[in-house]
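This report goes through one protein model, taking its sheet, its helices and a few backbone details in turn. The sequence and the structure come first.

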Amino acid sequence: MAELLRQHAEQLFAEELEALKKADSHSAPPRWNMSPWAVVTYLVGGKLKNGFEVTPKYIGNKRLMEIAVATLTTDRALLLYGLPGTAKSWVAEHLAAAVSGDSTLLIQGTAGTSEEAIRYGWNYAKLLAEGPSADALVETPMMRAMQDGKIARVEELTRITADVQDTLITILSEKTMPVPELNTEVQAVSGFNVIATANNRDKGVNELSGALKRRFNTVILPTPSSMDEEIDIVRRRVESVSKALQLPAEVPALEEIKRIVTIFRELRSGMTEDGKTKLKSPTGTLSTAEAISVVNSGMALSGHFGDGQLSAEDIASGLVGAVVKDPVQDKVVWQEYLETVVKTRDGWKDMYRACRELV
């Protein structure tokens, strides 16, 4: 496991999941690995009665996680909705890991996702040789989740075309998947449910039909509400990712992370943190996930081509790449921000020089 680039949540946090199961005195729904209380504790973190510390996977409004978990105990599916980088996929993975002990039953939504990716496919060699049979049928993650009573995940639901999206309607409402070729059906057992994610800023978004929307309970995941909250998220994720990637650099001090988060928040909101200067916003989302990526990219540069300590020069290239998505419009926005804000801010001269050189 140590050589895997990225472990599944149930592998990476196996110790925490096991500790929660042992300490869990609340009742759990059928086929759930732990109670809803334990699932929420796993997501938001906390100290157990025996002193064991559970690390937070989601930093934000605990009530949102309670609503999400409560939804999964009902016959409604869960839709995690929000801007890119608001931890929708991260939360979905950890929910599946805690509830089912298996976060791998995943369907990745794209413009090319077909109906067969959701329902079932066929082994065409066997199909031609033997005709339709249970042996020739290729099960999808959705079908396995229904049979085993687990959580199925559908990533980027709105990137899937509308006619393929509607394949989910019968599954979510009737809890069954007809297989007319074999004159049979797959009926979901208790514990089965679906977690889907979607964002409204992606190109090629396909609106959900009214019939499909009614099968989901939607939980909107917001961007971090405060500077401290976003800094904490970035710090924790940077520590985790840099450890997994074995980056030969020191995790940066909070002051460096604060500078990156400040830039992202100001450009996102169109206003400096003190509220005194209005700013133009770039075309990109400047999400928390992108801030994490900027820090990790800078650590890779400082570790492999520097002294191992994150500097403004290491950060600058990642910053410019995150902000300037449109080479004309965003470049103007970035240059104005550098001249009106970064240049005049105390202690930011090194950042101004490094970014200015790249622009």
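Leaving aside its neighbours within four places in sequence, which residues is I107 in contact with?

## I107 and its surroundings

The model is a predicted one. In it, I107 lies in strand 4. Beyond its sequence neighbours within four places, I107 is in contact with A117, I118, P141, M142, R153, V154 and E155. Its relative accessibility is 5%, so I107 counts as buried, the cut-off being under 20%.

An open sheet is formed by 5 strands, ordered 4-7-10-3-11, with parallel pairing. Its edges are strand 4 (106–108) and strand 11 (216–220); each has a single partner strand, so one side of each is left without a neighbour in the sheet. On average, and with direction ignored, neighbouring strands of this sheet are turned by 20° against each other.

Within the sheet, strand 7 (residues 151–155) pairs with strand 10 (residues 193–198) in the parallel sense, over 4 bridges. I151 has N193 in strand 10 as its bridge partner. Helix 5 (residues 88–100) packs on the sheet and touches strand 3, strand 7 and strand 10. The direction of helix 5 makes about 170° with that of strand 7. Helix 4 (residues 62–72) lies across strand 3 (77–81), strand 7, strand 10 and strand 11, and runs at about 165° to strand 11.

The bridge partner of V179 in strand 9 is T184. The hairpin of these two strands has 4 residues between the strands, and N183 takes a positive phi near 55° there.

## Helix 2 against helix 3

Two packed helices are described by the angle between their axes and the distance between the axes. For helix 2 (residues 14–23) and helix 3 (residues 36–44), the axes come within 10 Å and cross at roughly 145°. The crossing in which helix 2 passes helix 3 is right-handed. The residues that meet are E16, L17 and L20 in helix 2 and A38, T41 and Y42 in helix 3.

## Helix 16 and its cover

Helix 16 (residues 329–342) has 14 residues. From its first C-alpha to its last, helix 16 reaches 19 Å, close to the 20 Å expected at 1.5 Å a residue. Its buried residues are D330, V333, W334, Y337, L338, V341 and V342. They cover an arc of only 135° around the axis, which puts them on the same side of helix 16. Among the elements that cover these buried residues are helix 13 (254–269), helix 15 (312–323) and helix 17 (349–358).

What angle do the axes of helix 13 and helix 16 make where they cross? They cross at roughly 115° and come within 12 Å, and the crossing is right-handed. From helix 13, T262, I263, E266 and L267 meet V333, W334, Y337 and V341 of helix 16.

## Helix 14 and its cover

Helix 14 (residues 288–305) has 18 residues and reaches 26 Å from first C-alpha to last, close to the expected 26 Å at 1.5 Å a residue. The buried residues of helix 14 are T288, E290, A291, I292, V294, V295, N296, G298, M299, S302 and G303. Their cover includes helix 12 (227–245), helix 13 and helix 15.

Most residues other than glycine have a negative phi, and most peptide bonds are trans. Where does R31 lie? The place of R31 is in the loop between helix 2 and helix 3. R31 is not a glycine, yet has a positive phi of about 65°. With a relative accessible area of 48%, R31 is partly exposed.

A87 is found in the loop between strand 3 and helix 5. Its phi is positive as well, at about 75°, although A87 is not a glycine. A87 is partly exposed, with a relative accessible area of 27%.

Conventions
Residues numbered from 1 in each chain as written. Predicted model: local features only at pLDDT ≥ 70, side-chain atom pairs only at ≥ 80, totals over all residues. Heavy atoms only, no water. Pairing = 2+ DSSP bridges. Axes fitted to C-alpha atoms, helices over the stretch in contact; angles between N-to-C directions. Contact = heavy atoms within 4.5 Å. Expected span 1.5 Å × (residues − 1). Buried < 20%, exposed > 50% of the residue type's maximum accessible area, 1.4 Å probe, protein only. Arc of directions from axis to C-beta. Left-handed = near helix turned anticlockwise from the far one by under 90°.
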